[in-house]
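This report covers helix packing and aromatic pairs. Please look over the sequence and the model first.

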Amino acid sequence: MSRTSANQDEPAILLIDGRCLLCNRITIFVAKRDKAKAFRFAMLQSSVGIRLLINGKLSTHDYDTFVMVQDGRYYTKSDAALRVLRRLGGWWRLMYLFIALPRAWRNVVYDFVANNRYKWFGQTDVCMLPSPELIARFIEDGVQVEGTGEMPDEKKTDLR
């Protein structure tokens with residue numbers, strides 16, 4: 001499901017798979033480069049994640065889908081990923097040019113990575129231990145968590 005967002009100034013919520021180590025690394029990658037604080041994060045498996053999935057009429061059992069919620073609109077898979085890169089600005093914005101490719105082609109690549117991410121990057125039943133600054137950008141039960149601090153090094157996987 002993909003629609004055009006009218007208000008690019010509103011923070012977007014990125015729903016991520018909390019068990020996926022690739023997804024954890026992507027969260028850290030985005031947060032470090034998101035100078036405008038344009039993104040908030042929630043786990044697909046969390047109560048707020050499930051509520052957002054239900055509101056967007058998306059599966060609450062399919063954690064292979066990256067979701068971006070912006071101004072009440074839902075973007076998934078490659079549409080979501082490319083919109084994130086565009087909002088990061090700088091050179092990352094150039095990746096948005098891939099939006100010109102047919103969605104079906106882009107999502108074949110997306111699905112291939114999504115279906116192999118646990119095998120290639122691993123998974124965990126233990127939450128990552130984010131910095132206070134990253135914690136402040138997570139949403140739990142519909143409320144943004146408070147905190148401040150430095151971003152963790154994206155090359156390190158901080159796990160509890």
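This is a predicted model: local features need pLDDT of at least 70, side-chain atom pairs count only at pLDDT 80 or more; totals for chains, interfaces and linings use all residues.

Helices α1 and α4 are roughly perpendicular to each other, because their axes cross at roughly 100° and angles of 65 to 115 degrees count as roughly perpendicular. The two axes come within 8 Å. On the α1 side, the contact is made by Leu-21, Leu-22, Cys-23 and Arg-25. On the α4 side, Val-113, Arg-117 and Phe-121 take part. By class, this contact holds five nonpolar, no polar and two charged residues.

The crossing of α1 past α3 is left-handed. Phe-29, Val-30 and Arg-33 supply the α1 side. They meet Val-84, Leu-85 and Leu-88 of α3. The contact of α1 with α3 divides into five nonpolar, no polar and one charged residues.

How many aromatic pairs does the structure hold? There are two. The table gives their ring geometry.

| Pair | Distance between ring centres | Angle between planes |
|---|---|---|
| Phe-29 and Trp-92 | 4.9 Å | 85° |
| Phe-112 and Trp-120 | 5.3 Å | 65° |

Take Phe-29 and Trp-92 to begin with. Their planes stand at 85°, so the pair is edge-to-face; the cut-off for that class is over 60 degrees. What does this pair tie together? Phe-29 lies in helix α1, while Trp-92 sits in the loop between α3 and α4 (103–121), so the pair links parts that are 63 residues apart in sequence.

Are Phe-29 and Trp-92 buried or partly exposed? Phe-29 is buried, because its relative accessible area is 18% and buried means under 20%. Trp-92 has a relative accessible area of 35% and is therefore partly exposed. Phe-29 also belongs to the α1 residues that meet α3.

Now the pair of Phe-112 and Trp-120. With planes at 65°, these rings are also edge-to-face. Trp-120 is partly exposed, with a relative accessible area of 42%.

Helix α1 is roughly perpendicular to α4.

Note on methods: Residues are numbered from 1 along each chain as its sequence is written. Side-chain values use heavy atoms; hydrogens and water are left out. A crossing is left-handed if the near helix is turned anticlockwise from the far one by less than a right angle, and right-handed if clockwise. Helices (H or I, at least four residues) and strands (E, at least two) are DSSP runs, numbered from the N terminus. Contact means heavy atoms within 4.5 Å. Ala, Val, Leu, Ile, Met, Phe, Trp, Tyr, Cys and Pro count as nonpolar, Asp, Glu, Lys and Arg as charged, and the others, Gly among them, as polar. Rings of Phe, Tyr and Trp (its six-membered ring) pair if their centres lie within 6.5 Å; planes under 30 degrees apart count as stacked, over 60 as edge-to-face and the rest as tilted. Buried means under 20% relative accessible area, exposed over 50%, partly exposed in between (1.4 Å probe, protein chains only). Axes are lines fitted to C-alpha atoms, for helices over the stretch in contact, and angles run from 0 to 180 degrees between N-to-C directions. Angles under 35 degrees count as roughly parallel, over 145 as roughly antiparallel, 65 to 115 as roughly perpendicular and the rest as oblique.
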